[in-house]
Number of protein chains: 2
Amino acid sequence: MRIVVLAGGIGGARFLRGLKQAAPEADITVIGNTGDDIHLFGLKVCPDLDTVMYTLGGGINEEQGWGRTDESFRVKEELAAYGVGPEWFGLGDRDFATHIVRTQMLSAGYPLSAVTEALCTRWNPGVRLLPMSDDRVETHVAITSDDGERKVIHFQEYWVKLRASVAAEAIVPVGADQAKPAPGVLEAIAEADVIVFPPSNPVVSVGTILAVPGIREAIAEAGVPVVGLSPIVGNAPVRGMADKVLAAIGVPATAAAVAAHYGSGLLDGWLVDTVDAGAVGEVEAAGIRCRAVPLLMTDTDATAEMARQALALAGEVRA
Amino acid sequence: MRIVVLAGGIGGARFLRGLKQAAPEADITVIGNTGDDIHLFGLKVCPDLDTVMYTLGGGINEEQGWGRTDESFRVKEELAAYGVGPEWFGLGDRDFATHIVRTQMLSAGYPLSAVTEALCTRWNPGVRLLPMSDDRVETHVAITSDDGERKVIHFQEYWVKLRASVAAEAIVPVGADQAKPAPGVLEAIAEADVIVFPPSNPVVSVGTILAVPGIREAIAEAGVPVVGLSPIVGNAPVRGMADKVLAAIGVPATAAAVAAHYGSGLLDGWLVDTVDAGAVGEVEAAGIRCRAVPLLMTDTDATAEMARQALALAGEVRA
């Protein structure tokens, strides 16, 4: 079975770990969000790709969900001693090595997809990890600062520095309209048996991937089940601050509203949490098959069960 | 008193620490060798500038003479885990931060001299540290490998990886002929009261600086005492492997031969170690005032005394 998963960072990575357990024989291709990518200290940092790679490769910091296990921060401390920031982005020493290798390869002319493949030869994530695009896409957020000034900031500044503490007025994946899907992305979609939207952020993770021209169309035309798992449980994000960016695009933070945002033209099946069982009728009325099952990724077993439910739903909508 | 010192790495840096103690009121400008510079992991590394900066700024690893004190090597370990080398060059985590800041500033368009000044605002070395040139100069070494193949390698590969274990057949400061002295270099020389060649490597440190067109001429024409300290004591280098690179240019590893190599057209005074007192006559016969004094930099006090002797010799040749 060939499964394509559109993934952001922590939520996507943890779901993938469950999916691998649920479908050990499956051939899984992950299309990773790169809209969160940022240049820090002259280095190219790809937080979502790395979170998937580290999580599936056994190198992740389990507690925080991102960054390396057994990490230290000596380089960052020294950079701060030079007065060089930003200090709000947590790059550890072991993590730095990844960005140094990536930046060196990019400077040598390799596209991000080739660099990601090279990094994965170390981590053996057990999936094929593709960036959504080799072209630079950078998600920006329009906000109004405390002093009333409207400004546009990098997504990481909004998410990590400001912790989404002010309203996001607009979310713009800068460069997405000119970006091309990375090599292998459209092919993987065309050859997929199932396409899954994990409980990643529907705006700045899955939404950004879908903003790359050709990807949404390829999914809609693939002719295979497309199923998703709600990142909203009980009208709040399971983790992260997805409600803030949903508000920016006028989508209520409910499981049903996110399904409707993806739409029946794209989505065939949708899993909501049992606490949102009341939303099943609304989602189905919108033309999307819906089931209510436990959606908290408390451990890998629970997550694997979620993945099994998603694949079962895919089987159902195929029938 | 304005003193200009042409410095390489460890020897130059340690001498400078003694000079600062011997002449606390002096205005010292250091013209640093950049021929040892190397790009590693996509980062610009300037070993000699950093050794001077760390030594005078209190950040040096005293035992080894280069690199940072209290250093760790986690980034390097991770790079090795990615299969990315070279492993023979010891870049520590704290040291990496320096190269990251430097590379980021160079990429932003700042010349190396401005970058060095910026780095020094943290280290406060108590001297004005100038790279010899903002242009790229890279010292290469011609060798014949074990299998009989002639090849040309980077100086660091010869020095650090091979530990000068094979004969250097030629030393070429690639790019030096096209390089221009960095801003401030010729001005500092023109305004100097004394110019000092510390016991740095006469070929790949001081020699490389002198290979930048304009610097040798400016020193010869400055009309002020130029005094040097022999890096060769008892027919062997005090540290390092200077004899190997002296052989490449046909200069015997003796205190007198190094003085003759600089020549009376450049050098007014020369200090040899007391064990080489027998060479004083030969040096003076070549037109260079010479004194035999203890030249082992065993501690800062001993080094300060060497500096005082050098300044005294300068006063003598001026008179």
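A:Asn124 sits in the loop between α5 and β5 (128-131) of chain A. Helices here are DSSP runs of H or I with at least four residues, strands are runs of E with at least two, and both are numbered from the N terminus. Although A:Asn124 is not a glycine, its phi is positive, about 45°. Most residues other than glycine have a negative phi, and most peptide bonds are trans.

Before I go on, this is a predicted model: local features need pLDDT of at least 70, side-chain atom pairs count only at pLDDT 80 or more, and totals for chains, interfaces and linings use all residues. Residues are numbered from 1 along each chain as its sequence is written, and chains are lettered from A and ligands numbered from 1 in the order in which they are written.

On peptide bonds, the one from A:Gly85 to A:Pro86 is cis, with omega near 10°. A:Pro86 is in the loop between α3 and α4 of chain A. In chain B, the bond from B:Gly85 to B:Pro86 is also cis, with omega near 10°.

Next, a helix pair inside chain A. The axes of α2 (residues 47-57) and α5 (residues 112-123) of chain A come within 10 Å and cross at roughly 20°. Axes are lines fitted to C-alpha atoms, for helices over the stretch in contact, and angles run from 0 to 180 degrees between N-to-C directions. Angles under 35 degrees count as roughly parallel, over 145 as roughly antiparallel, 65 to 115 as roughly perpendicular and the rest as oblique. α2(A) and α5(A) are therefore roughly parallel to each other. On the α2(A) side the contact is made by A:Leu49, A:Met53 and A:Gly57, and on the α5(A) side by A:Thr116, A:Leu119, A:Cys120 and A:Trp123. Contact means that the C-beta atoms of two residues, placed from the backbone, lie within 7 Å.

Now the two chains. How many residues of chain A are in contact with chain B? There are 20 residues of chain A, in contact with 20 residues of chain B. α4(A) gives the largest share of chain A's side, 9 residues. That side divides into 10 nonpolar, 5 polar and 5 charged residues. Nonpolar covers Ala, Val, Leu, Ile, Met, Phe, Trp, Tyr, Cys and Pro, charged covers Asp, Glu, Lys and Arg, and the others, Gly among them, count as polar.

A:Asp93, A:Arg94, A:Phe96, A:Ala97, A:Ile100 and A:Val101 of α4(A) meet B:Arg74, B:Val75, B:Glu78 and B:Leu79 of α3(B). The residues of this contact are 6 nonpolar, no polar and 4 charged.
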